[in-house]
Amino acid sequence: MTYRLPDPGTVAVWFFTAAQPDSVTAELVRLLDTEQAHRAGSFTHRQQHVEFVVTHGVVRLILADLLDVPAASLRWSVGSHGKPELAHPATALRCNLSHSGGLAALAVTAGPPVGIDIQRWRSDVDLVRMAARYYAADEAGYVRAAVGDSERAARFTGLWCRKEACVKMAGSRLVPSLRLSAGLPGAGAGCFQVSDPRELIEPCTVRDVPAPAGYSAAVAVAGDLDFPLAQYWWAPTADLTGWQDPDRMAVATC
């Protein structure tokens, strides 16, 4: 599969399963650089090892296809708050990775800083109490007013993803930014402009990303312009170039 570079102003998002067959994992580990291979080898739990190899290996495959370079040749630098940025080859592409509960998401833009977050819904914590502790009053009330566990998890997690996407876009810290307002998620929600009076993050635009059942996702881009979203599902082929499943692909515009 050959992917097309995102148009200026467009955010391209790929979902993929973080757990892959052993044969795929064995090929993907060959693509990692020295630092990534060292980190992969440091995991004592096999599932964590596989998820690290797969998520970082697939990111290399997708970006290499976009840039028409060997996947193993990509190199990253790390910002002041630990946000990786593509350093080699020289390119205007920006990307960000997130994974949770066995599902991963990669966001790519052709210039502006981007952040993405995906989270699996949780039922093992008191989400109303967490919302009251971390969110603004209107957002905590939005979570509290949910009917049933699923709706409560969707509301809490949707808000969390929006905030974390903004934080990851800026390469900032999450907890101090949890009270910034990123709009209340809901059916038909579009783009929301986000600004932080404490200037912990730069102004950005955030929108929800349609995600599989039981997950929420959001993406944020620096600036105050609405942006179209192209969304894909990646799965391995025999040569690991990947393919897009038309039944699991969506294209949306704010």
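**Helix packing, cores and local features of the predicted chain**

Helix 5 keeps Glu139, Ala140, Gly141, Tyr142 and Val143 buried, where buried means under 20% relative accessible area, exposed over 50%, and partly exposed in between, with a 1.4 Å probe and protein chains only. Helices here are DSSP runs of H or I of at least four residues, strands are runs of E of at least two, and both are numbered from the N terminus. The structure is a predicted model, in which local features need pLDDT of at least 70, side-chain atom pairs count only at pLDDT 80 or more, and totals for chains, interfaces and linings use all residues. Residues are numbered from 1 along each chain as its sequence is written, and side-chain values use heavy atoms, with hydrogens and water left out.

The cover over the buried residues of helix 5 includes helix 4 (127–134) and helix 6. Helix 5 (residues 137–144) packs against helix 6 (residues 149–170) at an angle of about 150°, and their axes are 8 Å apart. Axes are lines fitted to C-alpha atoms, for helices over the stretch in contact, and angles run from 0 to 180 degrees between N-to-C directions. Helix 5 and helix 6 are therefore roughly antiparallel; angles under 35 degrees count as roughly parallel, over 145 as roughly antiparallel, 65 to 115 as roughly perpendicular and the rest as oblique. On the helix 5 side, the contact (heavy atoms within 4.5 Å) is made by Glu139, Tyr142 and Val143, and on the helix 6 side by Arg152, Arg155, Phe156, Leu159 and Lys163. By class, the residues of this contact are four nonpolar, no polar and four charged. In this scheme Ala, Val, Leu, Ile, Met, Phe, Trp, Tyr, Cys and Pro are nonpolar, Asp, Glu, Lys and Arg are charged, and the others, Gly among them, are polar.

Turning to the other neighbour, the axes of helix 4 and helix 5 cross at roughly 175° and come within 8 Å, so this pair too is roughly antiparallel. Here Leu127, Val128, Ala131 and Ala132 of helix 4 meet Ala140, Val143 and Arg144 of helix 5. The contact of helix 4 with helix 5 has six nonpolar residues, no polar ones and one charged. Val143 is listed in the contact with helix 6 and in the contact with helix 4.

For the chain as a whole, the secondary structure comes to six helices and 12 strands. Of its 254 residues, 49% are buried. Among contacts between residues at least 6 apart in sequence, 57% join residues at least 24 apart. The chain exposes about 12000 Å², with 53% supplied by carbon and sulfur atoms; accessible areas come from the Shrake-Rupley method with a 1.4 Å probe, and for residues only the protein chains shown count as cover.

The largest nonpolar core has 32 residues, and those with the most contacts inside it are Trp14, Leu28, Leu63 and Val108. A nonpolar core is a set of buried Ala, Val, Leu, Ile, Met, Phe, Trp, Tyr and Cys residues joined through side-chain atoms within 4.5 Å. At least two residues of this core come from each of strand 1 (11–17), helix 1 (22–28), helix 3 (46–67), strand 5 (103–109) and strand 10 (228–235). Helix 3 gives the most, with 12 residues. Apart from this core lies another, of 19 residues, among them Val114, Cys191, Phe227 and Trp233.

Thr10, in the segment before strand 1, is buried at a relative accessible area of 13%. Not counting residues up to four places away in sequence, Thr10 touches Val108, Thr109, Pro228 and Ala230. Cys191 lies in the loop between helix 6 and strand 7 (192–194) and counts as buried at 16% relative accessibility. Cys191 and Pro228 are 37 residues apart in sequence but 9.4 Å apart in space, C-alpha to C-alpha. Gln36, found in helix 2 (residues 34–42), is buried at 7% relative accessibility. Leaving aside neighbours within four places in sequence, Gln36 is in contact with Phe52, His56, Arg60 and Trp76.

Two backbone features deserve a look. Most residues other than glycine have a negative phi, and most peptide bonds are trans. Asp68, however, has a positive phi, near 60°; this residue lies in the loop between helix 3 and strand 2 (75–78) and is exposed at 70% relative accessibility. The peptide bond from His88 to Pro89 is cis, with omega near 5°, and Pro89 is found in the loop between strand 3 (84–88) and strand 4 (94–100).
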